[in-house]
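Dear colleague,

I am handing over the structure below, and I would be glad if you could look it over before reading on. My notes on what was found in it follow directly after.

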Amino acid sequence: MKPPLRIAIAGLGTVGAGTVRLLRQNADLLAARAGRRLVLSAVAARDRRRDRGIDLAGVRWVEDAAALAQDPEIDVVVELIGGSDGVARAVVAGAIAAGKHVVTANKALIAHHGTELARAAEARGVALQFEAAVAGGIPILKALREGLAANRVTRVYGILNGTCNYILTTMRESARDFADVLQEAQQLGYAEADPSFDIDGVDAAHKLAVLAAVAFGNAVDFAGVHVEGIRHVSALDIDFAAELGYRIKLLGLARLTANGLEQRVHPCMVPRSTPIAHVDGVFNAVVVEGDFVGRVMLEGRGAGAEPTASAVAADLLDIAVGRWSSSFTLPAPALEARPASPMARHVGAYYLRLMVVDRPGVIADIAAALRDEQVSMEQMIQRGRKPGEAVPVVLTTHETEEAAMRRAIARIDKLDTVLEPTRMIRVENL
Ligand SMILES: NC(=O)c1ccc[n+]([C@@H]2O[C@H](COP(=O)([O-])OP(=O)(O)OC[C@H]3O[C@@H](n4cnc5c(N)ncnc54)[C@H](OP(=O)(O)O)[C@@H]3O)[C@@H](O)[C@H]2O)c1
């Protein structure tokens with residue numbers, strides 16, 4: 001048998017502890033598959049005395065995580081601390097510079113600094129792998145780099161945040177409002193005490209930027225992602241969506257357009273007839289459309305100690321057998337730097353919900369605003385009649401450019417019969 005692969009883990013929280021458990025529990029299986037043992041040699045975290053419920057017998061504790069880079073007894077550094085800068089970045093950059101392979105689950109780091117880190121890793125001849133950074137346990141990056149590698153990807157999209165999917169699913173199933181369901185999700189441990197990264201779409205945007213870079217061979221462009229979260233999704237919109245044959249999901253979507261690389265994260269109306277509309281609760285799913293393979297969907301757990309450890313350990317296994325290549329499918333210098341396709345140029349269908357005074361002539365004014373911007377209406381629902389009072393009016397449009405849609409909404413919101421800002425949700429053709 002070849003000499004063991006000597007591993008150091010920086011960060012022993014949810015993912016770090018899960019990875020230690022996996023390396024212990026499946027040690028023989030990993031050794032058989034790699035033809036060598038994967039040995040946990042050293043660990044680093046902040047608090048040495050904390051009981052983590054893991055067996056660290058025979059493992060060296062290192063006080064300064066960044067010092068792992070200089071440790072001659074280590075072949076691979078696994079960064080599981082988190083954060084786009086600070087210690088995590090120092091650990092990863094330091095390990096690469098010292099000629100060590102790196103595995104990380106850190107989507108924020110890769111979304112912000114992935115291209116430069118990949119360039120450094122290639123220059124040093126070491127691996128930089130981050131399967132766990134996108135959709136946790138779902139091996140989507142490996143699928144893109146290997147099984148789907150012969151395809152030109154035309155579009156990639158997915159449910160990339162389990163917290164948002166749990167909240168939207170629970171809102172639909174229990175007809176409750178966002179704030180109420182968020183509070184329950186926090187009590188159950190499905191949402192953080194500060195949930196903003198999840199519910200404002202930032203976490204999904206980090207993952208989408210990494211996913212799009214791998215799928216399209218582009219330099220990672222987090223700044224080019226259009227991001228909207230789920231705070232404004234209401235029980236009323238979820239109910240209307242059902243009536244129209246849709247479900248509301250927070251999706252991350254990327255494709256190449258004539259204007260460049262379009263990357264967007266926002267609530268979407270997803271046709272109920274599509275498989276992804278039925279991916280519920282904390283589950284994630286990613287759909288890849290390739291020119292030869294057609295549509296492929298992978299579904300699974302996007303977070304949690306065990307699924308994330310599964311992805312981290314798979315990267316370690318690949319390094320153990322020498323089965324790794326460019327982090328973003330293409331060598332870093334060959335990655336494209338396409339411009340970000342502006343959202344104003346996005347072409348799609350839209351759902352609008354207006355709260356209007358129930359009075360003759362209101363609908364004619366709305367129709368006129370749409371006509372003047374050349375937005376063509378597909379259908380309209382006015383539920384209930386309460387003369388002189390506020391009622392919701394919902395309409396969907398045919399495909400139109402977002403800039404025209406926004407101009408029409410600005411005109412509609414100026415009408416004195418429209419009582420609240422119009423709610424707009426994009427309707428996806430999936
Ligand atoms: N949780 C998931 O399901 C999941 C899924 C996919 C990807 N990820 C990614 O995986 C990474 C880790 O997430 P997590 O949920 O495991 O985080 P976590 O539970 O908060 O754990 C973070 C760990 O980093 C350690 N740490 C913090 N600052 C440190 C420092 N200066 N030096 C050394 N160690 C330090 C902490 O030490 P102490 O324990 O001593 O405080 C802790 O063990 C993040 O990048 C995250 O985005 C997480």
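Directly after α12, glutamine 374 adopts a positive phi of about 60°. Please keep in mind throughout that this is a predicted model. Glutamine 374 is not a glycine, although its phi is positive, and it sits in the loop between α12 and β14, where a relative accessibility of 70% makes it count as exposed. As background, most residues other than glycine have a negative phi.

Alanine 175 belongs to the loop between α6 (162–174) and α7 (178–187), and it is exposed, with a relative accessible area of 64%.

To return to the helix itself, α12 spans residues 362–372, and Val362, Ile366, Ala369 and Leu370 are buried in it. Viewed down the axis of α12, these buried residues fall within an arc of 95°, so they line one face of the helix. The face turned away from that buried side carries Ala364 and Arg371, which are exposed. As for what the buried residues of α12 pack against, the partners are β13 (347–357), β14 (377–382), β15 (390–397) and α13.

**Salt bridges**

How many salt bridges does a search of the whole structure find? The search returns 34, and I describe a few of them here.

One of them joins the side chains of lysine 107 and aspartate 203, with an N to O distance of 3.5 Å. Because lysine 107 lies in helix α4 (residues 107–124) and aspartate 203 in helix α9 (residues 202–216), the pair ties together parts that are 96 residues apart in sequence. Lysine 107 is partly exposed, at a relative accessible area of 25%, whereas aspartate 203 is buried, at 7%.

A salt bridge also links the side chains of glutamate 289 and arginine 295, at 3.3 Å from N to O. Here glutamate 289 is buried, with a relative accessible area of 12%, while arginine 295 counts as partly exposed at 49% relative accessibility.

In a further salt bridge, the side chains of glutamate 402 and arginine 426 meet at 2.7 Å, N to O. Glutamate 402 is part of helix α13 (residues 402–414) and arginine 426 is part of strand β17 (residues 423–427), so this pair ties together parts that are 24 residues apart in sequence. Glutamate 402 is buried, with a relative accessible area of 1%, and arginine 426 likewise counts as buried, at 1% relative accessibility.

**Surroundings of the ligand**

Which residues are closest to the ligand? Of the 21 residues that surround it, the closest are Val15, Asp47, Arg50, Arg52 and Gly304. A backbone N or O atom of threonine 14 lies 3.0 Å from an oxygen atom of the ligand, and a backbone N or O atom of aspartate 47 lies 2.7 Å from a ligand oxygen atom. In arginine 52, a polar side-chain atom is placed 2.7 Å from an oxygen atom of the ligand. On its own the ligand has 900 Å² of accessible area, and the protein covers 78% of it.

**Two buried loop residues**

Serine 234 is located in the loop between β8 (225–227) and α10 (235–244), and at 15% relative accessibility it counts as buried. Its side chain and that of arginine 353 are joined by a polar contact of 3.4 Å. If neighbours within four places in sequence are left aside, serine 234 is in contact with Met171, Asp177 and Arg353.

Valine 62 is found in the loop between β3 (60–61) and β4 (76–79), and it is buried, with a relative accessible area of 12%. With neighbours within four places in sequence again left aside, valine 62 is in contact with Ala42, Val43, Ala44, Ala67 and Leu68. The C-alpha atoms of valine 62 and isoleucine 9 are separated by 9.9 Å, and the two residues are 53 residues apart along the chain.

With kind regards

Terms used
Residues numbered from 1 in each chain as written. Predicted model: local features only at pLDDT ≥ 70, side-chain atom pairs only at ≥ 80, totals over all residues. Heavy atoms only, no water. Salt bridge = Lys/Arg side-chain N within 4 Å of Asp/Glu carboxyl O. Helix = DSSP H or I, 4+ residues; strand = E, 2+ residues; numbered from the N terminus. Buried < 20%, exposed > 50% of the residue type's maximum accessible area, 1.4 Å probe, protein only. Arc of directions from axis to C-beta. Contact = heavy atoms within 4.5 Å. Near = heavy atom within 4 Å. Polar contact = N/O pair within 3.5 Å; in protein donor to acceptor, adjacent residues only side chain to side chain. Areas by Shrake-Rupley, 256 points an atom, 1.4 Å probe, with all protein chains shown as cover.
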